[in-house]
Amino acid sequence: MACRISELVIDAADPERLAAFWSDVLGYVELEREDDGSIAIGPADAGFGGPQPVLVFGPTTAPRAGKLRLHIDVSPTDRDQDAELERLLALGARPADVGQTGTESWHVLADPEGNEFCLLRARIAPV
């Protein structure tokens with residue numbers, strides 16, 4: 001037996017803003033709000049325990065220190081990489097420089113709070 005990633009918990013200065021951004025990026029919906037201000041988002045038809053992990057944005061006032069040690073990679077499902085890049089930029093993502101050479105097949109972006117993520121080239125089937 002093995003484990004499966006069920007949740008990714010992300011510190012956020014503004015959980016509402018990040019939950020809205022990542023819901024738009026991934027086609028997720030809000031699943032739950034906690035009294036501490038945390039917001040969980042995930043697939044509408046599966047929620048927690050489904051084939052995709054839930055994202056939980058927890059409020060923090062601590063400043064981020066340095067480059068993230070973990071980042072999210074996303075792949076387009078219903079369009080090519082260029083069209084998906086345009087969509088993500090329109091949602092509020094912005095290009096990020098983490099030392100890439102410019103010859104990579106992926107784009108490094110940052111969400112509205114500056115968390116880096118990569119848009120991969122390969123299109124994958126939606127879940």
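Mentor: Happy to! Buried means under 20% relative accessible area and exposed over 50%, with partly exposed in between (1.4 Å probe, protein chains only). C3 has 82% relative accessibility, so C3 counts as exposed, whereas C118, at 8%, counts as buried. The disulfide count is zero, a disulfide being a pair of cysteine sulfur atoms within 2.5 Å. This is a predicted model, where local features need pLDDT of at least 70 and side-chain atom pairs pLDDT 80 or more, while totals for chains, interfaces and linings use all residues. Residues are numbered from 1 along each chain as its sequence is written, and side-chain values use heavy atoms, without hydrogens and water.

Of its 26 lining residues, L26, Y28, Q52, S75 and T77 lie nearest the centre. Helix 1 (15-26), strand 5 (72-74) and helix 2 (81-91) each give two or more residues to that lining. By class, the lining has 17 nonpolar, four polar and five charged residues.

The second largest pocket has a volume of about 530 Å³. Among its 25 lining residues, I10, D11, R64, L68 and N115 lie nearest the centre. Strand 1 (7-12) and strand 8 (116-119) each supply at least two residues, and strand 1 gives the most, with five. This lining divides into 14 nonpolar, four polar and seven charged residues.

Key. 1 Å grid on protein atoms, 1.4 Å probe; cavity = no way out; pocket = protein on both sides within 12 Å on 5 of 7 lines; lining within 4 Å. Helix = DSSP H or I, 4+ residues; strand = E, 2+ residues; numbered from the N terminus. Nonpolar A, V, L, I, M, F, W, Y, C, P; charged D, E, K, R; others polar. Points joined across faces, edges and corners; volume = space filled by probe spheres on them.
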